[in-house]
Amino acid sequence: MKQLGQILVEQFGVDPGSIGEALDSQVENGRRIGELLVQQKKISEDNLLKARSIQSGLDLRTTLPAEPDSFFIDRVPIGFLKKYMMMPVATSEECYIALAEPYYFQQLDDLTRVLQWDGIKTVLAPQEEIYLAINTAYDMGNRDAADQVLQDIDEEDPESILSEIEETADLLDDTSDAPVIKLVNLVLSQAVRDNASDIHIEPYKDRVKIRKRVDGILYDMYSPPKHVQSKLISRVKIMARMDIAEKRLPQDGRIEIRIADKNIDLRVSTLPTAFGERVVMRLLDKSSVLLSLEVLGMGRNDLDRFEQLIKRPYGIILVTGPTGSGKTTTLYSALSILNQPGVNIITVEDPIEYQITGISQMQVNNKIGLTFATGLRTIVRQDPDIILVGEIRDMETAEIAIQSALTGHLVFSTLHTNDSASAITRLIDMGVEPFLVSSSVNAILAQRLVRKICPHCRESYQPDTEYLTRVGLSLDKFGDHPLYRGQGCPECLGTGYRGRLGLYELMILSDELKSMILTTSDAGQIKKHALSQDSGMHTLRQDGLDKVLEGLTTLEEVFRVT
């Protein structure tokens, strides 16, 4: 069998020197030569696939059926297919197994034996296509299972459900055949596959609604009958190690689960309402990869300025925005740039969303008195170079963070404000002296998340000039420029959007701005002055409109979040 590098040189014109460099890098970081060459833009992903097809002697399929037959989901665990990147495909014309890695011979034999597909044809396919096909097949299968579960719940006697709860306090003693346990498992697994950030269980007068938040928007999942509400919520509370007898007070808990190849941490919150307890579960994917600031959507100009700021030896950098606007992800991305062997980085967070090797992370625990303030006071005695405080919530935390910045530490933190200038007003409103704010704060980054246009159904269109005039946009800038939108397809669940990216407003505190803060805390005046300076600052909306012109998002999305 020919080496992949030889095929790339002979048939795809890759420079032999690039192959040699990739082989050297491979020894250092253990990554595969093809991945390295694609990353270095020495070859396209399509050509790499073609080269691997030639090397393995397998036919290449660049796409798999959009709605694959899920005949195998009861016999083959989803984790097995995802781990070894293989997908059984059966259509009216043919049957085959699609592989992303042709070298898992033993596992391929195991799969053909389970399916009784001895001698079946194998083909090579892109890893993304295989993952998508696997998720779609199990999702379709689970939808059928969910319909059956809801039917079982409907047919179950409400009286027997109530007596069951009264008899056994611990619902974990129930067998997994219990319809409610099946329903909870289905809701969790479907939410994880759809990359949902939250799951809501909402009780109303005559029904219960289960919803998921995907890319910032809530979508309905299921509406089980009202009589199952108590058992459904008790099941979640037991999993989160909460007190199921206490229904009058709010409670917080945590669940750790594994679904396929993902470790998921769920933060569970209950709230008593007029019609029963409302439950919200925030999903944190522990196995998710930290993204670079550029991938998150930060423009080149802002990125250059932000990277200079985070390399300063001391001072405070604040990231502001509402809950779920990606503040923590931005800070983690900044920390990953600074995470070097010679630097001591300590964080105090609630919760710890990503676990990063080389950084000491502390979890807030209000039950035992470990607040942001007490944690931060202890961190300062641990000889840190860089400190991350999850959120400045009160005067005490703000004062300690400022003192840390004034004594030679670089401090990162978040605030809940509408824009960058409002963060100054918020700190002064907390009771922090204006001269301390101007002495310690280096910069404030405001951000929002908008949905990205789905790349699979993206289309261009000419904007309506009347609409542009009504919303106050320049006809010169937008009138002749084609814009983009998503038509809606199975890939984006018919929404026209898939994934999210950030909008950013970076305000660097110049000497002039610091002097101004000593005389006024008016956010409007501070922002106006910052925009008038020749520093390259732009508002969240301006950044959003630039991304509309780039074809990354839509006008509707930008107006929705700004």
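# A tour of the predicted model

By the ring rule used here, four aromatic pairs are counted. The rule takes the rings of Phe, Tyr and Trp (its six-membered ring) and pairs them if their centres lie within 6.5 Å. Planes under 30 degrees apart count as stacked, over 60 as edge-to-face, and the rest as tilted.

Two notes before you select anything. This is a predicted model, in which local features need pLDDT of at least 70 and side-chain atom pairs count only at pLDDT 80 or more, while totals for chains, interfaces and linings use all residues. Residues are numbered from 1 along each chain as its sequence is written, and side-chain values use heavy atoms, with hydrogens and water left out.

## Stop 1: rings

Select Phe-71 and Trp-117. Their ring centres are 5.5 Å apart and the planes meet at 35°, so this pair is tilted. Phe-71 is in the loop between strand 1 (59–60) and helix 5 (78–84). Trp-117 is in the loop between helix 6 (105–115) and strand 4 (122–124). The pair therefore ties together parts that are 46 residues apart in sequence. Helices (H or I, at least four residues) and strands (E, at least two) are DSSP runs, numbered from the N terminus.

Is Trp-117 buried or exposed? Trp-117 is buried, at a relative accessible area of 15%. Phe-71 is partly exposed, at 28%. The cut-offs are under 20% relative accessible area for buried, over 50% for exposed, and in between for partly exposed (1.4 Å probe, protein chains only).

Ring pairs join Phe-71, Phe-72 and Trp-117 into a cluster.

## Stop 2: charges over rings

Select Arg-61 and Tyr-96. The charged end of Arg-61 sits over the Tyr-96 ring, 4.6 Å from its centre. Go on to Arg-458 and Tyr-484. Here Arg-458 lies over the ring face, 3.8 Å from the ring centre of Tyr-484. A charge counts as over a ring if NZ of Lys or CZ of Arg is within 6 Å of the ring centre and within 35 degrees of the ring normal.

## Stop 3: Ala-100 and Met-85

Select Ala-100. This residue lies in the loop between strand 3 (95–99) and helix 6. Ala-100 is buried, with a relative accessible area of 3%. What does Ala-100 touch, not counting residues up to four places away in sequence? Its contacts are Arg-52, Met-85, Leu-124, Ala-125, Gln-127 and Ile-130. Contact means heavy atoms within 4.5 Å.

Draw a distance from Ala-100 to Thr-520. They are 420 residues apart along the chain, and their C-alpha atoms are separated by 61 Å.

Next, select Met-85. Find this residue in the loop between helix 5 and strand 2 (86–90). Met-85 is buried, at 10% relative accessibility. Its phi is positive, near 50°, in a residue other than glycine. Most residues other than glycine have a negative phi.

## Stop 4: helix 1 against helix 4

Select residues 4–12 and 45–56. Helix 1 and helix 4 pack at an angle of about 115°, with axes 10 Å apart. Axes are lines fitted to C-alpha atoms, for helices over the stretch in contact, and angles run from 0 to 180 degrees between N-to-C directions. From helix 1, the contact uses Leu-4, Ile-7, Leu-8, Gln-11 and Phe-12. From helix 4, the residues include Arg-52, which also touches Ala-100.

## Stop 5

Select Asn-195, in the loop between helix 9 (179–193) and strand 5 (198–203). Asn-195 is exposed, at 55% relative accessibility. Its phi is positive, about 55°, although Asn-195 is not a glycine.

Move to helix 10 (residues 229–239). How many of its 11 residues are buried? The count is 10, so helix 10 is mostly covered. Among the buried residues are Lys-231, Arg-235 and Lys-237.

Pick out Gln-229 in helix 10. Gln-229 is buried, at 9% relative accessibility. Its contacts are Pro-203, Val-208, Phe-275, Gly-276 and Glu-277, not counting residues up to four places away in sequence. After helix 10 comes Arg-241, with a positive phi near 55°.

## Last stop: helix 12 against helix 13

Select residues 300–310 and 327–338. Helix 12 and helix 13 pack at about 60°, and their axes are 11 Å apart. Phe-306, Glu-307 and Ile-310 of helix 12 meet Ala-334, Ile-337 and Leu-338 of helix 13.
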